[in-house]
Protein chains: 2
Amino acid sequence: MAELPIAPFERILRNANAERVSDDAAKALAEVAEDIAEDLARDIVKVAKHAGRKTIKIEDVEFVAED
Amino acid sequence: MAELPIAPFERILRNANAERVSDDAAKALAEVAEDIAEDLARDIVKVAKHAGRKTIKIEDVEFVAED
């Protein structure tokens, strides 16, 4: 929880042509992204364990991301 | 591009019970999360403009995230 910094999400919104970004909007986007990353991480760990590995590898991320 | 730091994604994977995380797996998850955030940001900016605003507000994020 609250692992991700907020400033990059303000930049991501500006890169998407936002003229102004309220602080709580950038924070909300960070939270949404973190929730999504946590859901992906759960599936990624599951997939690695299913493959009999203790180390998460890039192919586990790709497998889940391309799902 | 490459706005998000990688270390938080290693922590997110560990919080999801990963025993070990390869560096490129954490980087790949950061990239996936950034792609998703960029897609969301495009929709968020569109929604705010549709509402006649130049400032991105939290309700724009919620509108898109709950979509």
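**Pairing of chains A and B in a predicted model**

Thr55(A) has Arg20(B), a residue of strand S1(B), as its bridge partner. The strands concerned are S2(A) and S1(B), the latter covering residues 20-21, and they pair in the parallel sense over two bridges. Two strands are said to pair if DSSP finds at least two bridges between them. Helices (H or I, at least four residues) and strands (E, at least two) are DSSP runs, numbered from the N terminus. The model is predicted, so local features need pLDDT of at least 70 and side-chain atom pairs count only at pLDDT 80 or more, while totals for chains, interfaces and linings use all residues. Residues are numbered from 1 along each chain as its sequence is written, chains are lettered from A and ligands numbered from 1 in the order in which they are written, and side-chain values use heavy atoms, with hydrogens and water left out.

The interface was described by contacts and by area. Contact means heavy atoms within 4.5 Å. By this rule 38 residues of chain A touch 38 residues of chain B. The size of an interface is often given as the accessible area lost when the parts come together. Buried area is here the accessible area (1.4 Å probe) that two parts lose on being put together, summed over both. Between chain A and chain B it is about 3,400 Å², and carbon and sulfur atoms give 72% of this. Of the area that chain A buries against chain B, 17% is supplied by Glu3(A), Ile12(A) and Lys54(A), more than by any other three residues.

Polar contacts also cross the interface. A polar contact is a pair of N or O atoms within 3.5 Å; within protein, one must be able to donate a hydrogen and the other to accept it, and residues adjacent in sequence count only if both atoms are side-chain atoms. Between chain A and chain B, 14 residue pairs are in polar contact, with both residues at pLDDT 80 or more. The side of chain A that touches chain B draws at least two residues from each of helix H1 (7-15), strand S1 (20-21), helix H2 (23-50), strand S2 (55-56) and helix H3 (58-65) of chain A. H2(A) gives the largest share of that side, 15 residues. By type, the residues of this side are 23 nonpolar, four polar and eleven charged. In this division Ala, Val, Leu, Ile, Met, Phe, Trp, Tyr, Cys and Pro count as nonpolar, Asp, Glu, Lys and Arg as charged, and the others, Gly among them, as polar.

Side chains of opposite charge can pair when their charged atoms come close. A salt bridge is a side-chain nitrogen of Lys or Arg within 4 Å of a carboxyl oxygen of Asp or Glu. Over all chains the rule gives twelve salt bridges, and two are found across the interface of chain A and chain B. Arg11(A) and Glu3(B) meet in a salt bridge through their side chains, at 2.5 Å from N to O.

Other salt bridges join residues of one helix. Asp43(A) and Lys46(A) form a salt bridge whose closest N and O atoms are 3.9 Å apart. These two residues are three apart in helix H2 of chain A, so about one helical turn separates them. Asp43(A) is partly exposed at 34%, and Lys46(A) is exposed at 57%. In chain B, the side chains of Arg14(B) and Glu10(B) form a salt bridge of 3.0 Å, N to O. Arg14(B) and Glu10(B) lie four residues apart in helix H1 (residues 7-15) of chain B and are therefore about one helical turn apart. Arg14(B) is partly exposed at 36%, as is Glu10(B) at 25%.

Asp60(B) lies in helix H3 (residues 58-65) of chain B. Asp60(B) is buried, with a relative accessible area of 2%. Its side chain reaches the backbone nitrogen of Lys57(B) at 2.8 Å. Leaving aside residues up to four places away in sequence, Asp60(B) touches Ile44(B), Val47(B), Ala48(B), Arg53(B) and Thr55(B).

Methods. Buried < 20%, exposed > 50% of the residue type's maximum accessible area, 1.4 Å probe, protein only.
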